[in-house]
There are 2 protein chains.
Amino acid sequence: MLFASMSLEDDLGDWRRSHYSSELHGMDGREVTLMGYVASIRDHGNILFVMLADKDGEVQIVFKRNAEGSDGATTQALFSKARMLKEHSSIAVKGIVRSMKNAPKGVEVVPKEMKILSLARSVPPFSVYSKNIPLDVRLDIRAVDLRRHYLRAVFRIRHNLLKAIRSFLDERGFIEVSTPKMISTASEGGAALFPIFYFDREAFLAQSPQLYKEQLTLAFEKVYEIAPIFRAEPSRTNRHLAEAISIDVEHAFVNYEDVMGILEEMISHAIGYVVDKCKDEFSILGTTPIKPSTPFPRYRYSQLIDILKGEGIRIEWGDDFAAEHLKALSSMLKGYYFIVDWPARMRPFYTKTKDDGSTALSESFDLMHGDLEISSGSTRINRKDELMERLKMQGLKPESFAHHLIVFDYGMPPHAGFGLGLERLLMTVTGLENIRDATFYPRDIDRLVP
Amino acid sequence: MLFASMSLEDDLGDWRRSHYSSELHGMDGREVTLMGYVASIRDHGNILFVMLADKDGEVQIVFKRNAEGSDGATTQALFSKARMLKEHSSIAVKGIVRSMKNAPKGVEVVPKEMKILSLARSVPPFSVYSKNIPLDVRLDIRAVDLRRHYLRAVFRIRHNLLKAIRSFLDERGFIEVSTPKMISTASEGGAALFPIFYFDREAFLAQSPQLYKEQLTLAFEKVYEIAPIFRAEPSRTNRHLAEAISIDVEHAFVNYEDVMGILEEMISHAIGYVVDKCKDEFSILGTTPIKPSTPFPRYRYSQLIDILKGEGIRIEWGDDFAAEHLKALSSMLKGYYFIVDWPARMRPFYTKTKDDGSTALSESFDLMHGDLEISSGSTRINRKDELMERLKMQGLKPESFAHHLIVFDYGMPPHAGFGLGLERLLMTVTGLENIRDATFYPRDIDRLVP
């Protein structure tokens with residue numbers, strides 16, 4: 001059997017793709033070489049319609065048992081070969097483009113030669129055209145799952161979101177940085193860390209580039225990093241991952257209001273870009289976002305506490321918003337909005353308190369979309385004594401942060417910044433309900449493979 | 001003392017930068033607000049020259065004890081304040097632009113008001129203008145070290161290299177992906193891995209996105225990732241890091257010759273871009289690369305073994321090139337060149353052997369610059385039985401790769417790709433001799449901080 005199956009498959013040899021499926025309009029009568037995989041097969045006895053899917057779309061290949069006027073022998077061999085195809089097999093086809101009103105894209109290809117580059121031996125429990133399939137049946141064969149047009153559209157939108165965000169930051173003079181993911185100390189109290197064996201020492205995976213990006217404002221003023229972050233979240237929600245991509249921005253000589261302005265402009269720009277660029281993708285998703293206008297509404301933390309209380313919902317000043325509070329808020333507050341001026345003790349140690357004398361509040365914000373937090377940020381403390389004070393207040397040891405604190409002896413500028421979760425942003429743009437589908441290979445407490 | 005030092009410092013308040021130092025030409029007589037840090041101070045008794053450095057360069061601020069025709073009292077207070085400045089302090093200055101032939105940039109600023117945003121309390125053991133300082137005295141205060149004009153130039157070049165590479169790949173239809181850094185199995189035999197506690201299980205940090213990027217060609221055909229890789233290298237050389245940034249490219253329906261073509265064009269394009277874009281930076285480095293012409297020379301592994309033997313150097317077919325061999329080769333082979341067609345058993349298990357019947361050789365390459373390997377790649381095996389065979393031959397267990405092997409049942413296309421080390425590429429472009437300076441915060445067997 002092994003020998004038999006091997007003999008069915010062809011090597012690529014000197015064949016190369018001449019066109020993508022999206023490039024065939026107006027090419028009537030031209031010979032092309034296409035490559036891709038078999039998305040579907042319709043067998044009508046003497047005629048076989050094969051949808052070849054490539055990076056850019058699909059095109060119909062028509063195999064006839066006895067094509068008129070062509071070389072009968074070749075045609076017969078080709079037809080028999082096509083009969084062996086299964087969905088997902090990778091193929092290369094040389095053939096002639098022909099317009100055909102009834103074909104799905106108004107064009108089809110009449111094959112002259114075909115290579116079977118890789119014959120599928122298994123059939124996934126879903127079609128590439130299906131939309132709503134439970135996660136469990138998909139994640140074990142995630143690479144195949146990603147062939148579904150729905151997910152391919154999601155990740156093409158992701159690609160373009162990233163492109164728009166980088167070009168936005170680049171045009172504003174931000175420099176791209178990379179900070180270490182293997183670190184000696186937690187950058188924030190609270191969040192759970194993954195421990196590593198670092199040669200003969202204990203180390204941790206960085207749950208954020210926070211302290212490093214702050215340090216880098218010293219030399220570069222405006223920095224950004226788009227890189228993985230790691231959180232040993234024991235939760236099993238639809239909005240948490242153990243490994244995610246964070247878009248981190250830090251900016252010297254400004255405060256939280258300035259970076260809120262950058263964040264909202266960046267998001268509005270990026271959504272405008274993908275709405276314009278990814279029309280086909282949004283049509284596959286069946287939903288298109290509206291480019292949000294700026295500024296986004298801002299609500300003070302205290303104000304929202306009062307509103308919730310006014311609605312008879314149980315919450316006290318100083319409490320974090322729990323799921324039910326956020327649900328209640330999101331029934332009133334649509335789209336993107338900021339919650340600003342959080343109680344200082346609810347925020348990480350590096351968060352600056354407000355200058356108005358009331359040190360109970362901080363210059364901080366969360367960016368929300370409905371009930372989903374997608375970003376948080378603040379003005380940071382840039383004075384060493386103040387930072388040490390706050391470390392102690394939060395029960396952290398200044399000694400553990402010696403390598404960070406020393407930087408504050410060298411003229412640390414005032415600065416502010418934010419971290420934005422790429423997967424969560426992508427959820428708001430695509431309407432995905434489970435964050436696991438906003439990443440290629442999700443990691444959570446239950447899943448370390450594939 | 002604490003109180004006294006705090007009272008010297010001002011809050012940012014509503015001051016915002018109006019211009020960068022690079023934007024002052026032709027602005028004679030205009031009032032500007034500048035922000036940055038004090039790069040140097042020259043004290044002439046009644047006159048103080050302060051170089052203010054910002055993201056884009058430097059400008060001279062001239063403080064006079066008794067400026068003619070201005071408000072004497074204010075001037076006196078301002079002068080006293082300027083006297084307290086130390087190098088590296090962060091300041092904001094409101095003042096009037098004045099052309100001045102003798103000033104370093106042909107322009108200087110006469111201050112009207114100044115805020116000391118952060119007073120430096122320590123002095124680094126190097127100036128921001130110095131070039132050759134031993135690493136040990138720098139890395140403990142790396143954030144300050146990065147203020148040196150030399151390193152700032154390096155990292156601005158890095159920023160632009162990345163930008164050029166992404167736009168090159170984007171224009172060719174590659175999609176950006178992110179693969180998990182926490183993995184259950186080594187993706188290659190050999191390279192040393194960092195173990196992690198993943199909740200209640202053992203896991204590892206990915207030493208390469210290899211298997212994931214291969215899988216992703218199934219759905220996306222042309223993918224790239226620019227992300228950290230982790231190698232528990234016990235070596236202390238000038239060209240190894242425990243954490244580095246890898247530029248990974250994978251491409252369906254092509255072979256190693258095709259991706260060598262993409263790699264050389266990408267590098268040539270990126271160098272051309274930075275040579276054009278970073279003239280000031282290369283002038284600070286004192287060296288400018290030449291945009292390499294393509295194609296890069298290709299030498300077969302066997303051919304180089306023969307050449308070395310011909311020179312009387314001891315090496316046998318099947319040996320890897322050691323440092324002394326690479327030194328000898330680099331004395332003959334200048335610039336970028338490929339070493340191709342390596343013995344199959346010297347390459348990772350997923351490397352395809354050559355089609356010419358001699359399975360001893362593989363469709364593989366290293367890209368070299370002098371004696372430095374900066375990239376390696378190959379045609380990959382896309383048949384499951386062949387891949388299992390090679391796993392066993394290399395002493396690896398197919399069971400450990402079950403989640404990867406299953407993908408090959410669904411029509412895995414022929415594919416090829418490469419990984420390119422960003423820091424090593426940056427070394428070849430900037431002339432850096434130690435890879436630690438090609439990354440922001442180096443990680444090696446001895447260093448986990450800052």
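Predicted model: local features only at pLDDT ≥ 70, side-chain atom pairs only at ≥ 80, totals over all residues.
A salt bridge, as I use the term today, is a side-chain nitrogen of Lys or Arg within 4 Å of a carboxyl oxygen of Asp or Glu. Across the interface of chain A and chain B, that rule finds 12 salt bridges, and one of them joins Asp258(B) to Arg16(A), with the closest N and O atoms 2.8 Å apart.

Residues are numbered from 1 along each chain as its sequence is written, chains are lettered from A and ligands numbered from 1 in the order in which they are written, and side-chain values use heavy atoms, with hydrogens and water left out.

Staying with the interface, 108 residues of chain A are in contact (heavy atoms within 4.5 Å) with 108 residues of chain B.

Let me turn to chain A itself, where Asp341(A) and Lys354(A) meet through their side chains in a salt bridge of 3.0 Å, N to O. Both lie in the loop between strand S13 (336–340) and strand S14 (364–369), 13 residues apart, strands being DSSP runs (E, at least two residues) numbered from the N terminus. Are these two partners buried or exposed? Taking buried as under 20% relative accessible area with a 1.4 Å probe, protein chains only, Asp341(A) is buried at 9%, and Lys354(A) is buried too, at 18%.

Finally, salt bridges that share partners join Arg138(A), Arg142(A), Asp145(A), Arg148(A) and Asp437(A) into one network.

Key. Helix = DSSP H or I, 4+ residues; strand = E, 2+ residues; numbered from the N terminus. Buried < 20%, exposed > 50% of the residue type's maximum accessible area, 1.4 Å probe, protein only.
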